[in-house]
Amino acid sequence: MNILMVSAENDALPGGKVGGIGDVVRDMPKALAAEGEQVNVVMPNYGILHEVDKAQFIQSVTVMFAGESQEVSFYKYTVENSDKNVTQWIAHHPLFSSCGVGSVYCDDANNRPFATDATKFALFNAAVGQAIKAHMFGPIDVLHLHDWHTAVLSVLRSYDPQYEALKLIRTTYTIHNLALQGIRPLSGDESSLETWFPDLNYDVNVINDPSYHHCFNPMRAAINLCDKVHAVSPNYTKEIVKPSNYEQGFFGGEGLENDLQRASNENRLFGILNGCEYDDSKRKALSLNNFFSLCENEVLKWAGNQTILASAHLIASTRLGKLTSKKIAKRPFIMTSVGRITNQKVLLLQQQMTDGQSALQHILNELGNKGIFLLLGSGDVEFEQFLTQIAGRNSNFIFLKGYSETLSDAIYNMGDLFMMPSSFEPCGISQMLSMRAGQPCIAHSVGGLTDTIKDHENGFLFDGDTQFNQAINMISCFKNTLSLCLKEPKKYKEISDNASKTRFLWSDSAKRYISDLYQ
């Protein structure tokens, strides 16, 4: 088969990744190629990717968009040592860098969410459709769309006579993050469906938002219009067909549960776990002093990129400086966490307990002087401020506000226990990476975390029927796990060894893609 993957991210290209989508779109094509499939991958250039030496101009297409004729250019990108059956493509148009050269996503005002991104991705979708019609990628057997950014292509395929030929191509849609649906008005705004495609004769009951009927919901449209719908873990597929209940701490279908339940009833919804790459050469732990020095150096780099010193950087640098300046007689217990600082990742840590303290403060009280907790990530300003305040009051907590691939790898390799208290988790990659390094996880028993972690076998799970109870159980789980590590090291090592031996192979996922989604 010849498969075309359309995505906003692709880590096979330098600067093409923001989150987990980039990892999947980098790794899955290689696994499919190993099964004998031909894979093309296309993404926007964001004003920069087409300028690298390995990009070769191939062809331009003309697109009618928002009442004007637009020319979009396509480039091939050569990845060193890549499989000959995987071809990388980049689409170039000035609109794709509307938020700055190299910026994948824009940060629109709260009163106009997704406005800039939705417009640029709508043009990108239309251009890819024209490129398919022009046979630029060869005869396509399967069209695979990733997340809301590429959902407009399913709408054009279904309702625009210009793209009617695409109906002959089997189309699969992958949900990576149901919490982000790309909702925009149907009309009456410069960033709206009818502004982009004024002659589109669509069925409003298929593509509008269930709560805001005057709005276009790309995620819902793709779920309803594509031949197959894919969620990135089996357990997450069971969760999203149920309505969310925030009072009970449950994140389910986020308003799209009826559409997802219908897709399930029609045998169109499948849960296939993402995979992980395993390379033993990356499992090189640093000495403790070198590790803390690396952390300190990365913090100083982040600080140097700002005109005003952030308090998070000052606190982290001070804490790390003390650790590197003294000889540590005994290696401390090291708990770690790596991820975007968002509601999904921090809500339970911020949960207020009966004494007025946060759940995170309770965990740090339990940790005491027995170890340190290093948390790497950035994101939501309010959650960053919460973590910064906690770091200022607790010498055993170091908040590293930023991201570095080198530092991330070192943290996975150095930690004794990984904290992943996600309120929801479609699949998760951090738990796979930490387990790969022999670092078991404490995780909330939701989504892909349940599919990858077995309690007291290769990690530790907690649950709860409200956010408050989830936080209580998280604290209790940490207390028991810390005790196990310190008092029963042989048992804890067995669990760590089990974590390092657990495998989530892309080759297994690729076989399921072919059998369940493509054939």
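Predicted model: local features only at pLDDT ≥ 70, side-chain atom pairs only at ≥ 80, totals over all residues.
Which residues lie nearest the centre of the second largest pocket? They are Leu-323, Lys-326, Gly-371, Ile-372 and Ser-395, part of a lining of 15 residues.

Residues are numbered from 1 along each chain as its sequence is written, and side-chain values use heavy atoms, with hydrogens and water left out.

**The open sheet**

Six strands make up an open sheet with parallel pairing, in the order E14-E13-E12-E15-E16-E17. The edges belong to strand E14 (397-400) and strand E17 (460-462); each has a single partner strand, so one side of each is left without a neighbour in the sheet. From one strand to the next, the twist averages 20°. Here helices (H or I, at least four residues) and strands (E, at least two) are DSSP runs, numbered from the N terminus, and two strands pair if DSSP finds at least two bridges between them.

Strand E12 (residues 333-338) is joined to strand E13 (residues 371-376) by six bridges, in the parallel sense. Within this pair, Val-338 stands opposite Leu-376 in E13. Helix H14 (residues 405-414) packs on the sheet and touches E12, E13, E14 and strand E15 (417-420); contact means heavy atoms within 4.5 Å. The direction of H14 makes about 140° with that of E12, where axes are lines fitted to C-alpha atoms, for helices over the stretch in contact, and angles run from 0 to 180 degrees between N-to-C directions.

**Around strand E5**

Strand E5 (residues 86-92) is mostly covered, with six of its seven residues buried. Buried means under 20% relative accessible area, exposed over 50%, and partly exposed in between (1.4 Å probe, protein chains only). E5 pairs with E2 in the parallel sense over six bridges, and Val-39 has Val-86 in E5 as its bridge partner. Strand E4 (residues 68-77) runs antiparallel to E5, joined by five bridges; one of the bridge pairs is Ser-73 with His-92 in E5.

**Pocket and cavity**

Back to the second largest pocket, which has a volume of about 330 Å³. Helix H10 (311-325) and E13 are the elements that give two or more residues to its lining, and H10 provides the largest share, three residues.

The largest cavity holds about 120 Å³ of space. Among its 15 lining residues, Ser-337, Val-338, Gly-339, Arg-340 and Lys-345 lie nearest the centre. Two or more lining residues come from each of E12, helix H11 (343-350), E13 and E15.

As for the terms, on a 1 Å grid over the protein atoms alone, a cavity is a set of points where a 1.4 Å probe fits but cannot get out, and a pocket is an open set with protein on both sides within 12 Å along at least five of seven lines; lining residues have an atom within 4 Å of a point. Grid points are joined across faces, edges and corners, and a volume is the space filled by probe spheres set on the points.
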